Amino acid sequence: MEVVQRGEGNGNRMIVRLRLPSGLEILGLPTKNFYGGDWDLGPTWNYLILADRPFLVDTGRTGQGNALLEMLKTAGVSGKDLAFVLLTHGHEDHDGGLPEIVQAAGVRVKAHVLYDRLIRCYPDDAPSGVNREFPASCWHCPMPASFSTKHCRTYHLERSRLEVETIGDGETSIMKSVVSYHLPGHSPDALAFLLGEEVLLVGDTLLPDISPHPTRLRDFYHLARVFGPDYSNGDSIYGLRAYIRSLKKLARIGALMEQLIVLPAHRLFYNDRWNQMELNKRVEELLTHHVARCAHILESLKHCPMTAGELAAACFDAALLKGTGIVMAENEILSHCELLQTSGDVISCNGERFEATGTSAFESAIEELEPDR
Ligand SMILES: [Zn+2]
Ligand SMILES: [Zn+2]
């Protein structure tokens, strides 16, 4: 890893270059995030792949598109030279800069087929109780309206007008020596990209330092009509079980290609140090983390039923439970409770509290989960 431009200790303002044995060059182009606090992700690491025709993976958050176009110039590339932009998934810190880039350079966009469905608005189809002004991706946003009105309205509107060339499930060839893998769980449309047999761009599905946030199966139910009959099984694209299957899929890829360089979308460089990830080791660590979290929840429920908020207080550091951190922590707890309900270890009583059934089947249930294909 060659540092082309020095930056800050968390990676902001850095530019790095990777030269691979095959001759392929990749530039790491981090763009600022402003989430801050104890849930800080650091910048989003977008990557410029200098293939025969260069392409960009991810675009940073809203307002960072033009900054990213400036950074491309380091490699003598302009927006108009890009063959396309590939998206690892439809979270705002990855596709927020996209409208700016499309507007400035007329670039083609490639993303998973579910991305194309989630970014659209369906005011006539939206179920009751959701915000029908928002695209399907945000019907279940846990953030308060004060947050969304301030931060995401314009983003959603611009994003809903994008033209997207869709990528399917499983393993898909994008161009020569570039293959995508559908790895739902952190988001239903998450993709990883394999370049030759040298580099795997994993987006947010595998991160150093932090455990990626899993979705909740519950979020699928209202979306079924948007997704259609091809995606009728929510468990395969939403929730912690889907995420764990995707981790195991990554481990399979890692077992076939031991020398893979893994490039994450956050924390490549953070706290003044590089975070190298060994694919299979990191997958194991994350699996262990989720088993431990489930065990901690069951242990906490031993004496009395508890709400998600009470479980969050039992499982997370107090520092993480400030402001919107509470929403994040509760969501993560609820994702684990869904898995525990599926394995029969927990039931939900009065729709609010969770109660332990006395069994402990989750660990073997997690072990038995197999990647779809
Ligand atoms: Zn994400
Ligand atoms: Zn992210």
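Q: Which side chains does the 2.5 Å polar contact join?
A: The side chains of D235 and R245. A polar contact is a pair of N or O atoms within 3.5 Å; within protein, one must be able to donate a hydrogen and the other to accept it, and residues adjacent in sequence count only if both atoms are side-chain atoms. This is a predicted model: local features need pLDDT of at least 70, side-chain atom pairs count only at pLDDT 80 or more, and totals for chains, interfaces and linings use all residues. Residues are numbered from 1 along each chain as its sequence is written, ligands are numbered from 1 and chains lettered from A in the order in which they are written, and side-chain values use heavy atoms, with hydrogens and water left out.

Q: What about D235 and R241?
A: Their side chains make a polar contact too, at 2.9 Å.

Q: Is D235 buried or exposed?
A: D235 is buried, because its relative accessibility is 17%. Buried means under 20% relative accessible area, exposed over 50%, partly exposed in between (1.4 Å probe, protein chains only).

Q: New topic. Which residues coordinate the zinc ion (ligand 1)?
A: H89 (NE2), H91 (ND1), H186 (NE2) and D204 (OD), at 2.1 to 2.4 Å. Donors are N, O and S atoms within 2.8 Å of the metal (3.2 Å for Na, K and Ca); water is not among the atoms, so sites may look incomplete.

Q: Is H89 buried or exposed?
A: H89 is buried, at 2% relative accessibility. H91 is partly exposed, at 26%.

Q: What does D204 bridge?
A: The zinc ion (ligand 1) and the zinc ion (ligand 2), which lie 3.6 Å apart.
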